[in-house]
Structures are given as C-alpha cells and as structure tokens.
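Hi everyone, thanks for coming. Please have the viewer open, and let's walk through this one together, piece by piece.

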Amino acid sequence: MAAKRPSWAPEGVDMEVPSPARMYDALLGGSHNFDVDRKAATNAAALVPDLPKVALSNRAFLRRSVRYLVDMGIRQFLDIGSGIPTVGNAHEVAQRAAADSRVLYVDIDPVAVAHSEVILAGNERASAIEGDLRSGSDLLTDVRVRNIIDFDKPVGVLLVAVLHLLADADQPHDVVATLRDALPEGSYFVISHLSSANRPEDAAQLGDQARNQSGVPILFRSREEITSFFNGLTVVDPGVVELPLWRPESEADIDEEPGRSLGLAGVGRKDSPTS
Amino acid sequence: MTTAHSVGRFATRWAASLKGAVAPAMTRAELEDFLRDLTEQLAEAMRSTPCRPELGRAVGKALIDAHYRDASVLNRTLALLDDGFVAELGYEDSADVASRISALHGAVAEGFAIALRDTVLAEQETTQRAALAAARAAEERRRASEARFQAVFAGAAVGIGVVDLSGAVLEVNDAMAGMLGRTTDDIKGRTIGDVIGPENIGHAYAEFQKLLAGDIDQFRLETAHLRPDGRVANVDLSMTAVRNRTGTPDFFIGVAVDVTERRRLQNRLWHESRHDALTGLPNRTLFFERLEAAEQPLGLCYLDLDGFKNINDSLGHDAGDYVLRAVANRLRKAVEPDGCTIARLAGDEFVVLIERCGSPDRVAREAEKMLAVFGRPIEFDGEQLSVTGSIGVVHSALVGRDPGRLMRAADVTLYQAKANGSGRWERYDPARGEQELTRHSLATAMPAALAHNEFLLHYQPLVSLDDSSVRGFEALVRWDHPRLGRVSPGQFIPVAEETGNINALGQWVLEQGCLQARRWFDEFGIDDLYVSVNVAATQLRQPTFVADVLGTLDQVGLPAMCLQLELTESAVAGDTHGALVALRELAAAGVRLAIDDFGTGYSNLAHLGRLPVHQLKIDRSLLASSRKGEVVDPAHDKIVAATISLAHSLGLDVLAEGVETTPQADRLRLLQCDGAQGMLFGGPVPVSEAAEVLACQTRRADSA
C-alpha cells in the first residue's frame, strides 16, 4: 500500500484508469464517461449480463430511500461516494419531494466532483466536495460540510454502492460507526452494497476481474457483514434485503428476478439508547 | 374519438412495453403520467393538418430527456405506434392514417436520434470539461504544494540536498550551500565527494555505498568540511534513501546542520572545565586524567609556595594572583620543554608530572629546575617579592603506580620538606613515608568511615573495690577499617585530633555511649550505672559542647548522672576559663566528670580543687611493678597513697586504671581507693559481653 498522502499533497487526475463513478454512469447508459470506463463496464457486463440492471436497481433504491427519508422528515443529506449525480440523483429526488432539502455530495474522484459542480451550478442547496469516506471523522469537521449540514439536526447519510469499494483494511465498519456516533438521534443511514449472498460464483468472478483487470477492487461482502454495518441502528422495514425488494412502489418496479440480485440494501435509524 | 380513457390505456401499454428499460428517476405511476402526455402529443400530431412533424420529434426528444436512451426504447415505441396505437385510439384504417403514422414514426425516430446525439455530445462535453477542471485543479494544487515545498526548502535553516544514485547533487538549498561555502549553482552537478571534502569522503563514501546497496536506509555522521574560503565548518550530515515501489533507491536526501559553533563551544567548555582560569594551566581534573593515563614509570613534584598566605594577607589578593600567574609562567617555561605536564591543583599548589621517568634522579632534576625559578624575586607594583616553594618528590619505583598513593606520598613528602625548613625539595623516604602514608590515609578515610559506620564501641567495666560490683563502663572507640582491619585508637585518635575529625568522632561516641546506657537502664534497671566517655581537649573548647552533651542526653532520654565525661589533666589545665565554665554547667546539670590519666602530667593539685570534678582516675603507670620485681613500686605507692588521701580530702572519688593482679587490688583497697578498672576485672568487650556481665550481676543480686 502507498503511504497515506498528507492532506496538502494533491492526488493527480489519471484518465487512463477507470473510475467507479464513471463506470457506474456507463452502466446506467449515461455518457458522462470515457472509453476506459466503458470498456471496464462492458467487460464486467460480459461476465454478468444483468449488471446494468443491478445499476438501475441501485439507482431506483436510491430514489425510493431518499423519498422515504423525506417522508420521515429528513431535510439534509450527506451523500458519500456519490459519483456523478446524473439522472435520478439524490438532490433531484429530495428537492422534488421537499424543495428545502439540502444535499452535500462527497466523492474521492476529483473528476466526479468537478462534474458534480457543473451539474449543480445554480443550485444553492446542493454542492459537491472532494473527500474520502475512509477519513470520515475529517468530514465531520470539514467546514465545507458544516456549511451545508447542521450536525445538530438529523442527517440522512447515503452510503449507496460505496462501502464495497473499501477494503477490510480500511475498517469500513469502524468508518460507519464513527459517523453513526457523531450524528444526532433521528439520523438515517442508507446503505447498499454488492453482495456474494445470492450468486457467490458471479460475485467471485466479478470480484476477481475488478481486482485484476480494472484496477477498481470491489468487495462482495456476505449478508452478515452487510447487516453488521447497521449495528447500533434500528433497521427499518423490510430490513436488509435485495435491492428491488426494498419498499418497491409497485410489483411492476421489480425488474430483477427475486433471489438473484447482486445488491443488498437497507435503511437504519439512530435511536436514543434507551428507546 | 380520442378519449382520456383511451389515451390512458395506451400509456399503460406503452409503459409496460418499456419494462426493463426503466429510467430510474421515475416511479411506474410517474412514468405512466409522463407517457400519457406524450400520447396526447402523438394524438395531436395525428389530428393536425397539415402534418406537424415537430410534435413527433418532441416525443422522441422527451424520451431521451427522461433518460430513456436505449435503442430498444425507440424500437418498442415505434412497434407500439402502429396497429396498437391505431386500434387503441380508434383511428380508421385509411391510407391517410397509414401515411400519418409513417410520418410520425419518422419524426419520433428523428427527434430521438437528434436528442440522443445532442445529449451524448453535451454530456461528453461536460465530462471533458469536468476532467479538465479536475486536472487543472489538481495541477493548481500540485503547483501550490510545490510552491510550499520550495518555500520550506529554500527557507529552511537546515541544509537540504538531493543527490542522485551516482552521488551527483541535484538540488541544494541556500542553507546547505552556505554551510559548504559555495553558491547553489556551484554545487549542483558536483558529486558529494567534491563538496564535502576529500578528507571526509572516505568515511562518508563507505556509508554512501552501503546506502546505495540497500544495506542501510540512512546514515548520519559529522564531517569537518574545509570550505573554499579556508574556514572549517563542522557539519552534522544525515542521508536517507528515498526508495521506489520496488525498493531500489531513486535518490537520496541529505540534511545537514552546521555544528561549527556548537563544536567550538564544546571545545571551549572542555578546555575551561580542565584548565585553571587564573594561570591557564591544566587544573586538577585534567591533571588526574593525565595521571591516570600516564605512561609508567612516573615522577611527581608536588610544589607548595612558602608563606603564600602572607602575601595575600599583607598585599591583597591581586598581589597573590599576580604571584601565582608569575610562578605558573616560570614553572611552565622550566619544565614544559622537558615534556612534563604542569598543573595547578589548588590555591598555591602546583604539581609536575613526568612520564616515562627512568630514574628518581630525573625527578630530582626537575625539582631543582622548579626551585630555580624562585631565584629572582617577583616584581609587583614596584615591590620585589621574594617567593620560595617547597617540593615533595616521588617516583613510582618507590611508591607504586597507584595514582592516589602517588599523590598522597607526594603530599606527605611535601610536608616533610616544609617541616625540614622550606625553600627545598625532599625525596620520598619509604621508611618514614609508610607511617605518614598510613596517617594520611587514615585522615582522609575518617569522614567516610563515620558515615559508613566503621567505628564501634567496646565497654570496659568500672568496678567498686568494696564488693567488686560493676558501677559503670568506659566506652572505648574502635575502628574496623575495611582494608587495614582493626586500627588501634593509639593510631587514629591523634590523627583525628590533628585533622579536627575528633569533634565529629567524639560526638558519635557520646551519642552511642548514651544510647547504650539508656538500653541498659531499660533492661537491667540499675539506676546508678553510668557510661564513661572520653572527651578530647578540642571538643571541650567547642562553643556548642555543653549544648551538644545536654541535647544528646535529652534526645536519648538518659539521666545526666548516668553519663561520665573523662577529661585529661592537660585539657583542663591552665587558664581555660571557657572550659571551666563548661564543666561547671555540665556538673550543675548532674553530669559526672572525671580526670583521666591522673599522674602522668604536671598535676596541678591546687587547680584540681577548683574543678567541679567527681572522680580522679589514677594512671596505670603508677601501678606498674618496680624494677626490683616488687609487686608495688614503693615510690609510686607513696604517690598513690597521697593522691587518694588528697582526693578524698577534696571530696573526690578515686579509681585506679590498669589493675591487673589481686595483690594490686588488695593494696588499693588498703589505701581506700574507691574503684578500679583493668584486666583483673575485665578488659574492653563488645556490647553483648558487657550485657552478660550485667545480667550475671543482676542475678547474683536477686539471689542474695
């Protein structure tokens, strides 16, 4: 592993390496991506042809969960690992449901952040910053975060399709716990995660390819590992389930075959310790 | 014709046909609403005359805008926009309808394609711009970082340099260049060998090679660098390899600190701590370092100025200092050319060390040279000062090579030289010297011996001649020297008196004696048992003596009558008013006082009457048998008888010392002597045996 870079030393922008944010956009049919990203996406889809459906499912889960949070009264969202906020992004969904919703996008990819800034130009209640989920405690003190998010009020934290990019060595469970402990009661955590639970062989193949070819390691974690991200939180119904099965709006929305989704998702709420 | 109901039904079919190509932003219901709008537009297009292809194009564009971009979306839409559309919306199956449908197909497809192309181009444009912006931001941050690094690099107080694998200098900052005495441009491109100096590079290069080979990760060394301007800079240099991912070094970073000032200061401190500020000669510390390290055999000349105190006292310290400097200079000129070390040890004491000194005569020659420096007077402030010195001369052949012993021997010999009339040198005399050396070593060892409890007390019974019962004990001090073994009081008491240690020793004896008496008092309950402690004349003259004695009694909790102080005649003889006052105070407090060794000196009996004394102790010499073999010397016998008679008339007890035989005891009883002490009644014994004597006596008394 490379040594941890001091905060003042910039990370370069390398267009020769696929970025998870742009690969995801490519899988969604967007054109906010480069050849290298499309190739990586195509290669992955060659192994698992329904991969674009997983991407769509995940995007739909994001939409449904953000709406749910707005219904629960959440008006500020911290979307970490947001990628490129193209169609169906969090601020569109949230602000359509409640115009006063504020959204801060955080991504480690400077291109995705620059991209977000273009898309968010003119939107006073949404902005994007470059940041690293792995140093979550830095985010909590970052003045740019504090300008948008009021940590005295409940926050909707979106960790959608990002935790599987963290290696075990990054201690993702501790990262989530740190955020959880710092936020006030009534905050929500929205988590979706690629999983080996349903199709271990496909998961293993995709994992190998991600690690060895695209240079974007992805960890397909077990259902237990994913569920334990919600430790200390009250998991709302229907629990940690396959992506399309989390509060579908109608039967017709369920496009993936039940029992086959590569993604698990859930929403947890931070309650007071006594309740 | 077209009803809201039929539009809705078609929208539902349309939405179902798009299953699998759902745009994620919309729910199914939203999608159906959205498609109902599009269906209305399509219906409008069917109705319009002339044809309005822009309505069809708008529908195609709307799909793209709603993120339905997959080619299958267009396919499914066009397939539906045929018979199904006609049937659902209730159009007649006419040529006009067919041609309108066909035109609508074209318009929707066209709108879809154009919108798709525009969207993709716009998104690509945005993406490119974002990438560019990110790259620019990264570049800006890199530049800012570089600028910060440059500021740190250029402004650092420590010297920093970057060296490539060949040892060539790639970068140096101003601080480094300053240390090396060159400009940065002058250094860049040279090898480190060039810049840190050939005399150091062997040392540094070996380390550098190890660094290059990966044997070490860094090294640190101090080099004395000869700068081009001729100045020498001491540089503390450390170099660290910066390795790439494969572990091989890419380059090296050197960090240097100029330690020239620090080194100079260290040298100065070292020099100052080892030299005498007044004369500039080596001081005691340096002298002993040299002595320890000196090559045998050794000679020492220990010089002390004669009457130096007079110069200080009469002419002032300036004169004294001047004389010391003058003497130091002359001595240095006299002996340094011979390769000797001369040092000032203290005050007016100088010492010359002669290494590899083949014979004692060589030392004598140096001593002669040293004395010769006093040949001419020293002029100070217009006065001609005649100064002389005395020298003790020793050679390791006679004394051994131990530095401490050599110095003691030199000291002892110096005092002999002084005693034999100053202004001369004296050679160490082994016969006299041993004794002196022992005295000397006892004197120096005594303070530590007191601290380390090397002294102990023995107790000799003082008995009543009436019934031979023990009335008291004389406390007698002993010294268990760790090296010399048991040292006799005859040896160390005079030394203690000479050196003034007798006061501390006397106080120690007093305390221990009182403590012991108190223990016996507690254990055996004999309330008139006393401990008798010897007091030296100097002790008695201490202004605090009375307070010390009474304080000790108080602290120990011993009744004053259980303590007896023994004083010699000489201690209380003459006009010692102070002593008399002290004795009166002690006597008044109840302390017993005895005159020790009575009869050995000039016994001033008249004086004796004025003293508040309780007891006379007749010296053992008066009890010695006569030369004719008589048990009692008739001449002495008369003196003893008269002394006892006189003492009794003055109201004093008499105790005879050194009683060894029964006839002696019988005679003393006849003369009405009160008490006795001697081998007949028991010699000095350790405290445990003394306790046994008391235990026996107590048992006898109880059984009687």
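This is a predicted model: local features need pLDDT of at least 70, side-chain atom pairs count only at pLDDT 80 or more; totals for chains, interfaces and linings use all residues.

Let's start with one pair of residues: Leu158(A) stands opposite Val190(A) in S5(A).

Residues are numbered from 1 along each chain as its sequence is written, and chains are lettered from A and ligands numbered from 1 in the order in which they are written.

Back to S5(A). Is this strand buried or exposed? Seven of the seven residues of S5(A), residues 188-194, are buried, so the strand is largely enclosed by the rest of the structure. Buried has a cut-off: 20 or more other C-beta atoms lie within 10 Å of the residue's own, against 12 or fewer for exposed and partly exposed in between, with C-beta atoms placed from the backbone. In a regular strand the side chains alternate between the two faces of the sheet. You can see both faces covered here: Tyr188(A), Val190(A), Ser192(A) and Leu194(A) are buried on one side, and Phe189(A), Ile191(A) and His193(A) on the other. S5(A) also pairs with strand S8(A), residues 263-269, in the antiparallel sense over seven bridges. In that pairing, Phe189(A) has Gly268(A) as its bridge partner.

**Two helices of chain A**

Now find H8(A), residues 172-182, where Pro172(A), Val175(A), Val176(A) and Leu179(A) are buried. Why are these four on the same side of the helix? They cover an arc of only 95 degrees around the axis (taken from the directions from the helix axis to the C-beta atoms), which puts them on the same side of H8(A). The face turned away from the buried side of H8(A) carries the exposed residues Asp174(A) and Asp181(A). The buried residues of H8(A) pack against helix H6(A) (136-141) and strand S4(A) (156-160); contact means C-beta atoms, placed from the backbone, within 7 Å.

Next is H5(A), residues 110-120. Eight of its eleven residues are buried, so H5(A) is largely enclosed by the rest of the structure. Among them are Val111(A), Val113(A), His115(A) and Ile119(A). What covers these buried residues? The cover includes helix H1(A) (20-27), strand S2(A) (102-107) and strand S3(A) (126-130), together with helix H6(B) (95-155) from chain B. After H5(A) comes Gly122(A), with a positive phi near 90 degrees.

**Two sheets in chain B**

Let's move to chain B. Five strands form an open sheet there, in the order S7-S8-S6-S11-S12, with mixed pairing. Strands S7(B) (341-346) and S12(B) (425-427) stand at the edges, each with a single partner strand, so one side of each is left without a neighbour in the sheet. S12(B) pairs with S11(B), residues 389-395, in the parallel sense over three bridges. Helix H14(B), residues 317-335, lies across S6(B) (299-305), S7(B) and S8(B), at about 150 degrees to S7(B). That angle is between N-to-C directions, on a scale from 0 to 180 degrees, with axes fitted to C-alpha atoms, for helices over the stretch in contact.

Another open sheet of five strands has the order S2-S1-S5-S4-S3, with antiparallel pairing. Its edge strands are S2(B) (169-172) and S3(B) (218-226), each pairing on one side only. Further in, S1(B) (159-163) and S5(B) (249-258) pair over five bridges in the antiparallel sense, and Val163(B) stands opposite Phe252(B).

Finally, the totals. Chain A has ten helices and eight strands, and 49% of its 275 residues count as buried. Chain B has 28 helices and 21 strands, and buried residues make up 34% of its 704 residues.

Key. Two residues are in contact if their C-beta atoms, placed from the backbone, lie within 7 Å. Two strands pair if DSSP finds at least two bridges between them.
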